[in-house]
Amino acid sequence: KAIVLRVNSPGGSALASEVIWREASLAQKVKPLIVSFGDVAASGGYYIACAADEIVAEANTITGSIGVFGLMFNAEELMTTLGMNTHTVKSNTYADIMNPTRKMTVDERAIIQTGVEEVYDTFISHVAEGRKMEKSAVDAIAQGRVWTGLDAKEIGLVDTIGGLNTSLS
């Protein structure tokens, strides 16, 4: 009669979340999709759920974390300390944009920041569509914040408070 998807995840890869969200969205067009949150449904865990017809969370489920961040590691000083060096051969200006053996340029940082902002925009757009909210309203409660299941229900990120049995009934 319906698909019940149990989510207990702190998140992870934006790409993996997008792939799972797409499959959940396609499934939701065939059968009702009910998502049941366990202890945590944050970031990618919330991302994959926002296409659901109904979201059920425990009162204390860590919910939301609708946000994106990028992290770049710079090992330049470490490599110098270890007496290591690299030589890069590349075919264009940005071929080694994520090279951890040197500092990023201002232009590279801007490119990476734009990518992070695009992923965030996609995330809040999916939430807005799935939760039938204005994108600006999602942005106002998003920005990486986490909520209890009870608070998430109050702000429209969750429909019902309950556990897996509630989702199955």
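The structure holds 2 aromatic pairs, where rings of Phe, Tyr and Trp (its six-membered ring) count as paired if their centres lie within 6.5 Å. One of them joins Tyr 47 and Phe 123, at 4.6 Å centre to centre with 40 degrees between the planes. That makes the pair tilted; planes under 30 degrees apart would be stacked, and over 60 edge-to-face. Tyr 47 lies in helix H2 and Phe 123 in helix H4, so the pair ties together parts that are 76 residues apart in sequence. Helices here are DSSP runs of H or I with at least four residues, strands are runs of E with at least two, and both are numbered from the N terminus. Tyr 47 is buried at a relative accessible area of 4%, and Phe 123 is buried at 2%. Buried means under 20% relative accessible area, exposed over 50%, and partly exposed in between, with a 1.4 Å probe and protein chains only.

A word on the model. This is a predicted model, in which local features need pLDDT of at least 70 and side-chain atom pairs count only at pLDDT 80 or more, while totals for chains, interfaces and linings use all residues. Residues are numbered from 1 along each chain as its sequence is written, and side-chain values use heavy atoms, with hydrogens and water left out.

Next, H4 itself. The helix covers residues 106-131, 26 residues in total. From first C-alpha to last it reaches 37 Å, close to the 38 Å expected at 1.5 Å a residue; the expected span is 1.5 Å times one less than the number of residues. Which residues of H4 are buried? They are Glu 108, Ile 112, Val 116, Tyr 120, Phe 123, Ile 124, His 126, Val 127, Ala 128 and Arg 131. As background, an α-helix has 3.6 residues a turn, so residues three or four places apart point the same way. The cover over the buried residues of H4 includes helix H1 (14-28), helix H2 (44-47), strand S3 (54-57) and helix H5 (135-141). Just after H4, Lys 132 has a positive phi of about 55 degrees.

Now the core. A nonpolar core is a set of buried Ala, Val, Leu, Ile, Met, Phe, Trp, Tyr and Cys residues joined through side-chain atoms within 4.5 Å. The largest one has 28 residues, and Val 35, Phe 37, Tyr 46, Ile 55, Ile 66, Val 127 and Leu 157 have the most contacts inside it. At least two residues of this core come from each of H1, strand S2 (33-42), H2, S3, H4 and H5. Which element gives the most to this core? H4 does, with 5 residues. Leaving aside neighbours within four places in sequence, the contacts of Phe 37 (heavy atoms within 4.5 Å) include Arg 6, Tyr 46, Ile 55, Thr 63 and Val 158.

The largest pocket holds about 260 Å³ of space. For the method: on a 1 Å grid over the protein atoms alone, a pocket is an open set of points where a 1.4 Å probe fits, with protein on both sides within 12 Å along at least five of seven lines, and lining residues have an atom within 4 Å of a point. Of the 14 lining residues, Gln 28, Cys 50, Ala 51, Glu 129 and Gly 130 are the closest to the centre. H1 and H4 are the elements that give two or more residues to the lining, and H4 gives the most, with 4.

Ala 51 sits in the loop between H2 and S3 and counts as buried at 14% relative accessibility. Its C-alpha is separated by 6.7 Å from that of Ala 24, 27 residues apart along the chain. Beyond neighbours within four places in sequence, Ala 51 is in contact with Trp 21, Ser 25, Gln 28 and Leu 33.

Last, some loop residues. Ser 43, in the loop between S2 and H2, has a positive phi of about 50 degrees although it is not a glycine. Is Ser 43 buried or exposed? At 17% relative accessibility, Ser 43 counts as buried. Gln 143, in the loop between H5 and strand S5 (146-147), also has a positive phi, near 55 degrees. Met 104 lies in the loop between helix H3 (76-81) and H4, and at 23% relative accessibility Met 104 is partly exposed. Outside four places in sequence, Met 104 is in contact with Met 72, Ile 97, Arg 109 and Ile 112.

Conventions:
Points joined across faces, edges and corners; volume = space filled by probe spheres on them.
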